[in-house]
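Subject: Handover of a structure and notes on it

Dear colleague,

Please find below the structure that I am passing on to you. My notes follow it.

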Amino acid sequence: MVDTRRDLDRMRDYTAGRLSEEERRMFEERLVRDPGLVREVEQSVRFQEGLRQLQAQGYAGKGAARASVRRIWLPVAAAAAIAALAFFVWVQPRSEPAGVLRAALQSGSAGTNTPAVAARFTFVSLRGNATPVLELPAGGTIEFRAAPALREADSAYRVTLTQGDEATMTPLGALTKLALGADGYVHCYADATALAPGKYVLRIASGSKASVSPEQFAFTLRSATGP
Amino acid sequence: MTAVDEQAAPAATLPPKSDVPAPVADPVSHLTSVYRDYPGLRALILRRVRDPELAADILQDAAVTTLEKLRSGEIAHPENVGGYLYRVALNHLRNHRRKDRTGLSSSERLGELPGRDDDPDWDRVGRPQWAAAARRILDELPALRDRELLLRFYLNDEDKAQICRELKLSEEHFNRVIFRARNRFREILERRGFWKADLLSIIAIGICLVCSGAAGGIRW
């Protein structure tokens, strides 16, 4: 028997892998006994995927916007639009390259036969505490690709790069208003010569969802020629 | 690849031997019908790993494990083998993630990067049909607030209590909207024949099952 009040969240958390070990075992015990619950889980996945495809097509986003706009009193909407424009103008410079990070490849490097980047590092949150050791190229551009905790096509993400461990953390760069790429990652770039062998942490946070903890990826860079 | 995953169905959870049902007469056809009815599971694994090849491997392992349990009569409720398939598949996914602790790849592993949302595999699981049904439901909703509710709950992954509070909805209203939408979603798919769709996949799976049944291997 499906409990409407409790199971909506449970099903969503189960398919997202968010239940604790004990909660998961209890849910799965029900799942193997209750065909109705399996159908509901299956239903949830299909519906969610259907909505995701709509969102990817731009439909769901427009729907949400329409729903919100209707509730806003016109003068308030006008004022908000002006405020948003002012905020955009004020914030825009911050989306420019900051520190060693850049939001895009420098002109001239892309679209040629020459490799655009010297190294690409992809960060995905997985179980385990191992800190990967990566080879720092002698020159050229490093591309960082990081998977945010929450992937939303309309979100703006903030990426920061710090050097050192917890005690000696030195900010090297920060970028805001980064968009999610078509591959589900947020991309940023750095000149290899601006980085030195050592410990680093790359953080990625959603600008629109403060409640979601930023992802943190620790890694170590080592010289391509040395130990 | 064919090892039985004990964690997926711990022996301690199995009923006493006397209560264990006899093995199903035709486990292969039984499992084939399960795949037909649960394309969402395939979509779920694909979403979580974002790699069609890896998703196929995980599902194949899950299918083999479930088939072995079906054949040996270890599954206490064969009529609900879909529940076991979900459990085993998500357990294989967790095992895969435990093994893969690298956290990132270097330039040498670019070929292994996760797939994109426009991979044809998404079409094969039936997502375009699900999207069409979802779109129809959203269009049919008379209250824009209800549309926002659905999007925030299923797309933005927001908390139910928070949505109710911000949209000034009662929990009863929230549940009613969700379940009406889900029922309508099922109704639309059933009417269009998408619920039991993907006949080509079923035929392909059936052929694979028959061909590899003796070896215990199933390729999705």
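How many bridges join strand 8 of chain A to strand 9 of chain A, and do these strands run parallel or antiparallel? Strand 8 and strand 9 (residues 215-223) of chain A are joined by 7 bridges and run antiparallel. Please bear in mind throughout that this is a predicted model.

The sheet of chain A

Y200(A), in strand 8 of chain A, stands opposite Q163(A). In strand 9 of chain A, the bridge partner of Y200(A) is F219(A). R203(A) likewise has a bridge partner in strand 9 of chain A, namely Q216(A). As background, side chains in a regular strand alternate between the two faces of the sheet.

A helix contact between the two chains

Packed helices are described by the angle and the distance between their axes. Helix 3 (residues 35-56) of chain A and helix 6 (residues 127-140) of chain B have axes that come within 7 Å and cross at roughly 85°. Helix 3 of chain A is therefore roughly perpendicular to helix 6 of chain B. On the side of helix 3 of chain A, the contact is made by R46(A), F47(A), E49(A), G50(A), L51(A), Q53(A) and L54(A). Helix 6 of chain B contributes R127(B), P128(B), W130(B), A131(B), A133(B), A134(B) and R135(B). Sorted by class, this contact has 8 nonpolar, 2 polar and 4 charged residues.

Chain B as a whole

Chain B has 10 helices and 1 strand, and along the sequence these follow the pattern α-α-α-α-β-α-α-α-α-α-α. Of its 220 residues, 35% are buried. Among the contacts in chain B between residues at least 6 apart in sequence, 73% join residues at least 24 apart.

Helix 7 and helix 8 of chain B

The axes of helix 7 (residues 144-155) and helix 8 (residues 160-167) of chain B come within 10 Å and cross at roughly 155°. An angle over 145 degrees counts as roughly antiparallel, and helix 7 and helix 8 of chain B are therefore roughly antiparallel to each other. Their crossing is right-handed. R145(B), E148(B), L149(B), R152(B) and F153(B) of helix 7 of chain B make the contact with K160(B), I163(B) and L167(B) of helix 8 of chain B. By class, this contact has 4 nonpolar, no polar and 4 charged residues.

Leaving aside neighbours within four places in sequence, L150(B) is in contact with L138(B), V177(B) and A181(B). L138(B) is 12 residues from L150(B) along the chain, and their C-alpha atoms are separated by 8.5 Å.

Two loop residues of chain B

Most residues other than glycine have a negative phi. D157(B) has a positive value, with phi near 60°. This residue lies in the loop between helix 7 and helix 8 of chain B. D157(B) is partly exposed, with 16 other C-beta atoms within 10 Å.

K168(B) also has a positive phi, near 55°. Its place is in the loop between helix 8 and helix 9 (171-192) of chain B. With 8 other C-beta atoms within 10 Å, K168(B) is exposed.

With kind regards

Key. Residues numbered from 1 in each chain as written. Chains lettered and ligands numbered in written order. Predicted model: local features only at pLDDT ≥ 70, side-chain atom pairs only at ≥ 80, totals over all residues. Axes fitted to C-alpha atoms, helices over the stretch in contact; angles between N-to-C directions. Helix = DSSP H or I, 4+ residues; strand = E, 2+ residues; numbered from the N terminus. Parallel < 35°, antiparallel > 145°, perpendicular 65-115°, else oblique. Left-handed = near helix turned anticlockwise from the far one by under 90°. Contact = placed C-beta atoms within 7 Å. Nonpolar A, V, L, I, M, F, W, Y, C, P; charged D, E, K, R; others polar. Buried ≥ 20, exposed ≤ 12 C-beta atoms within 10 Å, placed from the backbone. Pairing = 2+ DSSP bridges.
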